[in-house]
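Please look over the chain shown below before reading the briefing that follows it. The notes go through the sheet, the helices and a few single residues in turn.

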Amino acid sequence: MDLGVTEREIDGVTVVVVAGEVDLTTAPRLREALVRHVTAACPSVVADLGAVQFLDSTGLGVLVGVLKRCRTFGGGLHLVVTRPRVRQVFELTGLTTVLPLH
């Protein structure tokens with residue numbers, strides 16, 4: 001399955017809406033979409049993963065890397081996760097302690 005990525009701005013915050021599967025082949029596209037928006041002037045970004053059906057360790061690595069970049073500029077990465085299967089990946093890995101899920 002392919003990865004769909006759309007971007008929009010809400011109240012000055014970039015929201016990257018992701019759909020499909022985040023895996024070894026699609027993770028670089030997700031990284032590019034998120035990193036492009038993380039700057040000193042706008043250090044926070046929201047990744048809406050509500051339409052993500054699958055997320056592997058490569059995708060988790062991308063999100064942790066983007067979080068580190070956000071924190072470098074004093075910001076943060078916030079995730080919208082609505083699918084129980086995807087939420088479970090974050091819970092099992094313990095990433096819910098460092099990545100805010102909404």
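Two strands are said to pair if DSSP finds at least two bridges between them, and strands (E, at least two residues) and helices (H or I, at least four) are DSSP runs that are numbered from the N terminus. This is a predicted model, in which local features need pLDDT of at least 70 and side-chain atom pairs count only at pLDDT 80 or more, while totals for chains, interfaces and linings use all residues. Residues are numbered from 1 along each chain as its sequence is written, and side-chain values use heavy atoms, with hydrogens and water left out. In this model, an open sheet of 4 strands runs in the order β1-β2-β3-β4, with mixed pairing.

**The sheet and its edges**

- β1 (3-10) and β4 (77-80) are the edge strands, and because each has a single partner strand, one side of each is left without a neighbour in the sheet.
- Neighbouring strands of this sheet are turned against each other by 20° on average, direction ignored, where axes are lines fitted to C-alpha atoms (for helices over the stretch in contact) and angles run from 0 to 180 degrees between N-to-C directions.
- β1 pairs with β2 (residues 13-22) in the antiparallel sense over 8 bridges; in β2, Ala19 is the bridge partner of Gly4, and Gly20 is that of Leu3.
- β2 and β3 pair in the parallel sense, over 8 bridges, and the bridge partner of Thr14 in β3 is Val45.
- From β2 the chain crosses through α1 to β3, and this β-α-β crossover is right-handed, a term that applies if, with the strands pointing away from the viewer, the path from the first strand over the helix to the second runs clockwise.
- β3 and β4 are also paired in the parallel sense, over 4 bridges, with Asp48 standing opposite Val80 in β4.
- The chain passes from β3 through α2 to β4, and this β-α-β crossover is right-handed.

**The turn between β1 and β2**

- β1 and β2 form a hairpin with 2 residues between them, and Asp11 lies in the loop between these strands.
- Phi of Asp11 is near 50°, which is a positive value in a residue other than glycine.
- Asp11 is exposed, with a relative accessible area of 80%; here buried means under 20% relative accessible area, exposed means over 50%, and partly exposed lies in between (1.4 Å probe, protein chains only).

**Helices against the sheet**

- Helix α1 (residues 27-35) lies across β1, β2 and β3 (45-55), running at about 10° to β1.
- Helix α3 (residues 84-93) packs on the sheet and touches β3 and β4, and its direction makes about 110° with that of β3; contact means heavy atoms within 4.5 Å.
- Ala27, Leu30, Ala33 and Leu34 are the buried residues in α1.
- Seen down the axis of α1, these buried residues fall within an arc of 125°, so they line one face of the helix; the arc is that of the directions from the helix axis to the C-beta atoms.
- The buried residues of α1 pack against β1, β2, β3 and α2 (57-72).
- On β4, Leu77 and Leu79 make up a covered face, whereas His78 and Val80 make up an uncovered one.

**Single buried residues**

- Leu67 has its place in helix α2 and is buried, with a relative accessible area of 5%.
- Leaving aside its neighbours within four places in sequence, Leu67 is in contact with Leu77, Val98 and Leu99.
- The C-alpha atoms of Leu67 and Val45, which are 22 residues apart along the chain, are separated by 9.1 Å.
- His37 is found in the loop between α1 and β3 and is buried, with a relative accessible area of 18%.
- Apart from neighbours within four places in sequence, His37 is in contact with Glu7, Thr14, Val16 and Cys42.

**Cysteines**

- A search of the whole structure finds 0 disulfides, a disulfide being a pair of cysteine sulfur atoms within 2.5 Å.
- The sulfur of Cys42 is 8.9 Å from the closest cysteine sulfur, in Cys70, which is too far for a bond.
- Cys70 is buried, with a relative accessible area of 0%.
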